Amino acid sequence: MTAPTHTEGRPAAAAPSQTAPAIELRGISKAFGAVQANKDISIRVERGTIHGIIGENGAGKSTLMSILYGFYKADSGEILIGGQRTDIPDSQAAIRAGIGMVFQHFKLVENFTVLENVVLGAEDGAFLRPSLVKARRLLVDLAREYELNVDPDAKIENLGVGMQQRVEILKALYRQADILILDEPTGVLTPSEADHLFRILRGLRDEGKTIILITHKLREIMDVTDNVSVMRRGEMTATVRTADTSPSELAELMVGRKVLLRVDKTPARPGPVVLKVENLKVTDDKGVERLRGIDLEVRAGEILGVAGVAGNGQSELLEVLGGISDATGTVTLNGTPLDLSGPRADGRSRRHAGIAHVPEDRHRLGLILDFTAWENTGFGYHDLPDYCRGALMDQTALRNDTRGKMERFDVRPADCWLHAKSFSGGNQQKIVLAREIERNPDLLLVGQPTRGVDIGAIEFIHQRLIELRDAGKAILLVSVELDEIFALSDRIAVMFDGRIMGERLPGQTDETELGMMMAGMDGKAR
Amino acid sequence: MDTMPRWADIALIPLINLTLALLVSALVIALIGENPAQAMGVMIRGAVGSAYGWGYTLYYATNFIFTGLAVAVAFHARLFNIGGEGQAALGGLGVAIVCLSVPWPHWTLALPAAVLGGALFGAAWAAIPAWLQATRGSHIVITTIMFNFIASALLVYLLVNVLKVPGSMAPETARFPEGARLPSAYDWGAWMGFGRSAPLNVAFFVALACCVAVWVLIWKTRLGYEIRAFGQSEAAAKYAGIRPVRTIMITMLISGGLAGLMAVNAVQGEAERLVIDSVQGAGFVGIAVALMGRSHPLGVLLAALLFGALYQGGAELEFEMPAISREMIVVIQALVILFTGALDNMVRGPVEGLFRRRRKGAT
Amino acid sequence: ATAEPGLIIDLGGKFDKSFNESAYNGAQRWLEESGASYRETELQSEAQREQSMRRMAESGANPVVVLGFANASTLEKVAPDYPDTNFTIVDMVVDQPNVQSVVFKEHEGSFLVGVLAAMASDSGTVSFIGGMDVPLISKFACGYAQGVKAVNPDANVIVNMTGTTPTAWNDPVKGAELTRAQISQGSDVVYAAAGGTGIGVLQAAADEGILSIGVDSNQNYLHPGYVLTSMVKRVDNAVYEAFEAGAAGEFQPGIKVMGLDNNGVGWALDENNEPLITESMKATVEETKTRIIAGEITVHDYTTDGSCPAY
Amino acid sequence: MDLATVIQLLDSTLRLATPLLLACLAGLFSERAGIFDIGLEGKMLAAAFFSAAVAAMTGNVWIGLLAGTAASLALAALHGLASITFRGNQLISGVAINFLASGLTVLIGQTWFQLGGRTPSLEGAARFQEITLPLAGVLEPVPVIGPLYANVLSGHTILVYVGLLAVPATWYVLFRTRFGLRLRAVGENPGAVDTAGVSVVGLRFSAVLICGLLCGLAGAYLATGLSAGFVKEMSAGRGFIALAALIFAKWRPWYALAACLLFGLLEALGNRFQSLEVLGVTLPTQFMQALPYILTVVILAGFVGKAIPPRAGGAAYVKER
Ligand SMILES: Nc1ncnc2c1ncn2[C@@H]1O[C@H](COP(=O)(O)OP(=O)(O)OP(=O)(O)O)[C@@H](O)[C@H]1O
Ligand SMILES: Nc1ncnc2c1ncn2[C@@H]1O[C@H](COP(=O)(O)OP(=O)(O)OP(=O)(O)O)[C@@H](O)[C@H]1O
Ligand SMILES: [Mg+2]
Ligand SMILES: [Mg+2]
């Protein structure tokens, strides 16, 4: 294998027709049991463009791309690559056809190095060393060309998500992909990481590569794509030139109704201090200090937004406050100190004290995916008197409660017997939110409330959080989405390297300043 | 996804699997030069064809219910308890101590005490591996295997040097006094045709009660909810305030206790004394029973009955057709485990396809 | 027409090369000589003891021979339910009117092979490998040690047991390893009473060039030139005689002791070990045998008090 | 303890460790690829039987070795069929294989030899013979090293050396070859392997078959190297101890060597010092026999941290995005 070759604006790969679209799908259909995930979908993706695909959760975007990548087999329809009919029975065939895919959930081996992940499946010979040596050289080249710097010898598990994503892109480039599919690549990225990614994508496009980008964020579509296709309920509803459309039009195409793109909220009326954190320190099991003395306050009736690049201690902050990990320092809730270690520093005691917690990672922490919806509604609250009869659980009460919550939070499908794993991300998030918000806590901890959630659901979730604030509750919001921080927060704290870099009021700052603070620079000084 | 009606899922598929296992067994019997039809007939009649057969089938099944439930409960917390063998052996010690140390006036008093003794000793033997897993992260699979060996050494020592009747050759305790002996099937079920020899005894009802208790525990109680949640995701359990150490300890104590209860059947009910190796591999069969029963008490009950029937049918086979050596039964068991447990999808796939096609045809 | 006799082979199986196999051989010999038939079954698990006994009795077999001490308490329970059936139990005493108990004086036989071991040993260290540390096995070990010490009071007798699980009787690998460990401690004659494990012991002894002593059946043929002798325990005779007596209607309940005097135990001499046994060895062991029979030498039976004077 | 005792102990350790080591490496391949295998015991047993049986019939141990390995491979393929092709439960499949081997070996053995499942004793060329390593005689007089080389390392059957060499070989294959990279990846994240265009099924099958091969060697060593014939159930739980060693070794080849040698040493010590007098009290035999297991638990609790198995281990691979 040689380094990807590229000449002016066009791939060197033999193309039967220079005018043929890079990809053309004709009449693709795919059903999972009774669910028709893709219905007779046809789409053309022009060579050398960035093509966006949007749609609600469960619209069928990932399914369509998985078919293109040979992960699923379509029930009917055909695929044309560069104008030629191509059979893609497996990923090997897709790779041969020059397609690379970056999955929403990365396909990386956590305890392998970057280099090992890159060469995996594309090794040169039976022995590793030559491949690794060559890949290392190539990575240097690619890094130079596309601003894709990563430490080749770092273990994936020690890398942030942004870096992991670069590794995924490098994997595709290493395989000389001409067509790159990215499924919700920015869901976990900070704004600056996302900007960097888009610079890379534009660079790749200018080299002649074709890029398909799936996202829920209309701003990104407007920013970076040339064309955009909209999917709804398994069907392709429209394909338009990005230049000829607007976010509100796209939103309407997606959801089938008008969507509020900005949250309406009245100014906060902060009450007494609910949460007071002083000199909070956390050391992880590797002995690294993750929180280096945090001080903050959240008052009743206000939302404190914590911004920061992922991995700067926000997760640890939430986990300590939620009782998942131990810490030192003082934390008081309504003036009463909380235990930060020992048997009473656990999630149960925190809930009794009046703290509710919507964790950042709903799959890992917030839900038991193999439990039913009603079982998940009791999760963490399973020993509350309303759900118990002695040592037994009052399942009827729990189910009735779940039905009510599902209705009020518009969870679809509203079937409390379904397993959590069979709901879409947005609906899973609503189940968690309903559980935590409806406990009417004094303090709500929320991490990444809208990650991977479509705009219809985002609107809904944001409204609920504002309502809770207006009911006089304190909310600590952690998000890497600056948009979200700006939309919801009454005060903004920026975290960097386990410390609070400073606090700003949303009206008196902007993304640039926050971005600098998030990078560890004092925004005010400059 | 509901591609199959429920009855097909829980009855048809296992039945096909079982048939396949028996067919292959028949093939093996034919290969060693015996008549498979006759052999199968002997086995089935021997296991379930008479009250006599049932007396044994249910006795063996009782053992497997206890050890199967033990493995199943631990499985719900994603703990693989291979230590049923040792825990049941220690349970035997507990039962023997209870039965021998008090002059019990009547079995109705001795039984609850023995249940307590067996469960306590079994639980105690599970406690150390559990504690090491919970606090030191020592892999419970290794520690429970080790504890099986340690248990057998301990029991040989105690039986030879401490508990043996002086002057006797046999490394076994004295026979339990009259008041500590459990009524056998003959005592309460003679009208059903159970003979004097039936080892089946009231411990069977203890086992059934345990099935119900485990079902309630796992699916109806808060503790069961916590155990299942912990088994699904330790991280999420922590988020919910479910304490890992406590959950591991409680689960393993229950598991060990259940294994220990096996002694109520085998030691108190049947042998009426403690002998060397009173467990006879039932701890390991319990693993197969739990796996095949999908860790559900009803499944465990059915799988235990199946294995009990195989044990008893096999014994009859051995008696009626001496040319078939007793290892044939082990082979049949293996094939049953293989087909009904591990190769389940081999049958499931085609059957599902059949139903899907039928449904498509209907709509 | 008398009833068919029955034989219940104990755990371990009829081809264990020792105890059960010996019983099986006795039954086979009776079969060939009498031309009649008998019923036979093999135990598969502990719980089947009672099942098999009752099954055998109900099938009309008479007499029913059961093997091994582990059956005693079961037979105690079962025998009264079948007053018309005669039972013979080997290795244990059961006091019932329809039970004949056959016990062997293994300690006497072991004493004899101990004498031979001591005389054959150059190093003055000999050894014993048992299956499990249970009284019956200690009875072998203790008789052996007494025999050794009778010839050479300064001799060192190493006694090892294989294990504590049922695999202890079927682990030739461990048997061989124990043998090698004993050899490194100086042993040059090893006596094995460990079922299938003994096969490994005899093999390792042959491989390492030392002498071994077999048990129960005559195992001299296994490694000619290396097996010094075998302590034979004539379970076959016990079974044969029980069958014979049954057929003749001469069943006698009570205890039947099989010792050196009635050829119940003994040492094996055949063409395989002839070169190993010198005239003086032969003379000494035969004289010892006579003296034991005459009561001039008393061999202590370990199972009577759980202790051994020789170690 | 004098040198002779030490040498005897180490010599015995090496012999006892070899079947554990081969089985442990077998398990390592399988589990590194994400297929749990509690059927090591059964495969070893089957290999022990068929190697001894065929060696007895042909008088040639090499043909026996082939047969034993083939039997183990067949069981491995069955495990693969159940747990990879049909996505069955790996634990159930392993349990079934253990039962199957335990029953079939005796059944077939009885049919072939009429010896109750035993095979005839192997003699001469039907057994592996001990090999004296080069220079063993010359080096022996050198203090300490000499006896260690001549009496501990030298004088074992070929499979002991195969077992020892299998350690670096395993390490090399796993960490220095393409196959190893893919194999480790498929045990950690089969999705990554699948999307990289490599067959998950193919990789896992190869791993399971390698496991079968090594178990075959382990079993053959038991019956034709360590002993001279097959006795029923002669694996005597060694497959489970190997599994324990594997977890102990945290799924790493060199650690596996150390773990197996440790287990071997503990067993050798238990054999050598069956009645130990401590402060005038003679410890019961049973205590000494349980000591290796007690020590294992103590070491595990005291010195070895949490063992993290391959992340995708135990679960069948189902495609998901
Ligand atoms: N493996 C599967 N098994 C069954 N049904 C599936 C599977 N994958 C997807 N589906 C169904 O197909 C539909 C489309 O799913 P898909 O993942 O393509 O949606 P999406 O547009 O990518 O959603 P999101 O925005 O949440 O990523 C879903 O509603 C779901 O019901
Ligand atoms: N095994 C499955 N069976 C049925 N439906 C499934 C299955 N896997 C996924 N789905 C459906 O596919 C859709 C999208 O799945 P996906 O995993 O992309 O979720 P998501 O919305 O992207 O969530 P997240 O952002 O948290 O990953 C959901 O509607 C979900 O219900
Ligand atoms: Mg998707
Ligand atoms: Mg999604």
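Visitor: Among contacts in chain A between residues at least 6 apart in sequence, what share joins residues at least 24 apart?

Guide: In this predicted model, that share is 67%. A pair gets onto the list of contacts because its heavy atoms lie within 4.5 Å.

Visitor: How do you know that the radius of gyration of chain A agrees with a compact globule?

Guide: Set the two values side by side. The rule for 526 residues asks for a radius near 24 Å, and chain A has 24 Å, so the two agree. Its C-alpha trace spans about 70 × 50 × 45 Å along the principal axes, and the chain comes to 17 helices and 24 strands. Buried residues make up 57% of chain A.

Visitor: What about the surface of chain A, and how much of it belongs to carbon and sulfur atoms?

Guide: The accessible surface is about 20,900 Å², with 48% belonging to carbon and sulfur atoms. As for charges, chain A has 65 positive and 75 negative ones, and their mean positions are 1 Å apart.

Visitor: Now chain D. How do you know that its radius of gyration agrees with a compact globule?

Guide: By the same kind of check. A globule of 321 residues would come out near 20 Å, and chain D has 20 Å, so the value agrees with the rule. The C-alpha trace of chain D spans about 65 × 50 × 45 Å, and its secondary structure is 13 helices and four strands. Of its residues, 63% count as buried. Among its contacts with a separation of 6 or more, 77% are between residues 24 or more positions apart.

Visitor: What makes helix 8 of chain D mostly covered?

Guide: Nine of the eleven residues in this helix, residues 178-188, are buried. Among them are Leu181(D), Arg182(D), Arg184(D) and Glu188(D). The buried residues pack against helix 3 and helix 4 of chain A, together with helix 1, helix 7, helix 9 and helix 10 of chain D.

Visitor: Why is the link of Cys142(C) and Cys308(C) called a disulfide?

Guide: The S to S distance is 2.2 Å, and the cut-off is within 2.5 Å, so the pair qualifies. The structure holds one disulfide over all chains. With 90° about the S-S bond, the link of Cys142(C) and Cys308(C) is right-handed. The pair links distant parts of the chain: Cys142(C) is in helix 5 and Cys308(C) in the segment after helix 10, 166 residues apart.

Visitor: Why do you call Cys142(C) buried?

Guide: Buried means under 20% relative accessible area. Cys142(C) has 0%, so Cys142(C) counts as buried. Cys308(C) has 10%, and therefore counts as buried too.

Visitor: How do you know that Cys416(A) is in no disulfide?

Guide: The nearest cysteine sulfur, that of Cys388(A), is 17 Å away, whereas a disulfide needs sulfurs within 2.5 Å. Cys416(A) has a relative accessible area of 2%, so Cys416(A) is buried.

Visitor: Last one: what makes Thr125(C) count as buried?

Guide: Its relative accessibility is 9%, so Thr125(C) counts as buried by the under 20% cut-off. Thr125(C) belongs to strand 6, residues 125-130 of chain C. Not counting residues up to four places away in sequence, Thr125(C) touches several residues, including Asn156(C), Ile158(C), Gln185(C) and Asp188(C).

Note on methods
Residues numbered from 1 in each chain as written. Chains lettered and ligands numbered in written order. Predicted model: local features only at pLDDT ≥ 70, side-chain atom pairs only at ≥ 80, totals over all residues. Heavy atoms only, no water. Helix = DSSP H or I, 4+ residues; strand = E, 2+ residues; numbered from the N terminus. Buried < 20%, exposed > 50% of the residue type's maximum accessible area, 1.4 Å probe, protein only. Rg over C-alpha atoms; globule rule 2.2 N^0.38 Å. Areas by Shrake-Rupley, 256 points an atom, 1.4 Å probe, with all protein chains shown as cover. Lys, Arg positive; Asp, Glu negative; His and termini not counted. Charge placed at Lys NZ, Arg CZ, Asp CG, Glu CD.
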